[in-house]
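Subject: Structure handover and findings

Dear colleague,

Please find the structure below, together with its sequence.

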Amino acid sequence: MDKVLVEVFVPLLDRSFDMFLPAASPMYEVLELMEKAVTEMSDGRFIATDNTTLCYREDGAILNINLSVYELEIHNGSKLMLI
């Protein structure tokens with residue numbers, strides 16, 4: 001399975017995380033995994049809610065979680081933001 005390496009910035013923590021995302025997976029699955037990973041890596045300082053959203057860091061455009069990583073044209077080096 002192909003994976004892409006992205007940088008995920010979490011404003012609440014003022015910290016970025018590098019993550020590999022499976023290109024074929026829908027973003028709703030990826031978002032759930034990201035939320036768990038960030039919670040774990042931040043020692044519980046980040047707690048996801050129903051309103052937790054993933055967007056492009058450059059322009060703040062919210063990602064459609066029904067599309068796959070590939071369909072959203074997320075590639076190695078993409079910068080995302082988890083808010």
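In which sense do strand 1 and strand 2 pair, and over how many bridges? Strand 1 and strand 2 are antiparallel partners, joined over eight bridges.

Before going further, please note that this is a predicted model, in which local features need pLDDT of at least 70 and side-chain atom pairs count only at pLDDT 80 or more, while totals for chains, interfaces and linings use all residues. Residues are numbered from 1 along each chain as its sequence is written, and side-chain values use heavy atoms, with hydrogens and water left out.

The sheet

Helices (H or I, at least four residues) and strands (E, at least two) are DSSP runs, numbered from the N terminus. Two strands are said to pair if DSSP finds at least two bridges between them. On that basis, four strands make up an open sheet in the order 2-1-4-3, with mixed pairing. Strand 2 and strand 3 (54-56) are the edge strands, each pairing on one side only. From one strand to the next, the twist averages 35°. Helix 1 packs on this sheet and touches strand 1, strand 2, strand 3 and strand 4, and its direction makes about 140° with that of strand 2. Such angles run from 0 to 180 degrees between N-to-C directions, and the axes are lines fitted to C-alpha atoms, for helices over the stretch in contact.

The individual pairings are as follows. Strand 1 and strand 2 form a hairpin with four residues between them, and Asp 14 in the turn has a positive phi of about 50°. Across this pair, Lys 3 stands opposite Pro 22 in strand 2, and Val 8 stands opposite Phe 17 in strand 2. Val 8 also stands opposite Leu 80 in strand 4. Strand 1 and strand 4 run parallel and are joined by three bridges. Strand 3 and strand 4, in turn, run antiparallel and are joined by three bridges; here Leu 54 has Leu 82 in strand 4 as its bridge partner.

The nonpolar core

A nonpolar core is a set of buried Ala, Val, Leu, Ile, Met, Phe, Trp, Tyr and Cys residues joined through side-chain atoms within 4.5 Å. Buried means under 20% relative accessible area, exposed over 50%, and partly exposed in between (1.4 Å probe, protein chains only). The largest such core holds 21 residues, of which Leu 21 and Ile 74 touch the most other members. Two or more residues each come from strand 1 (3-10), strand 2 (15-22), helix 1 (27-41) and strand 4 (79-82). Helix 1 gives the most, with five residues. Leaving aside neighbours within four places in sequence, Ile 74 is in contact (heavy atoms within 4.5 Å) with Val 4, Val 6, Met 27, Tyr 56, Leu 63, Val 69 and Leu 80.

Individual residues

Ser 68 is found in the loop between strand 3 and strand 4. Why does Ser 68 count as buried? Ser 68 is buried because its relative accessible area is 10%. Not counting residues up to four places away in sequence, Ser 68 touches Ala 23, Ala 24, Ser 25, Pro 26 and Met 27.

Lys 36 lies in helix 1 and is exposed, with a relative accessible area of 52%. The C-alpha atoms of Lys 36 and Pro 11 are separated by 16 Å, and the two residues are 25 residues apart along the chain.

Finally, the charged end of Arg 57 sits over the ring of Phe 9, 3.9 Å from its centre. A charge is taken to sit over a ring if NZ of Lys or CZ of Arg is within 6 Å of the ring centre and within 35 degrees of the ring normal.

Yours sincerely
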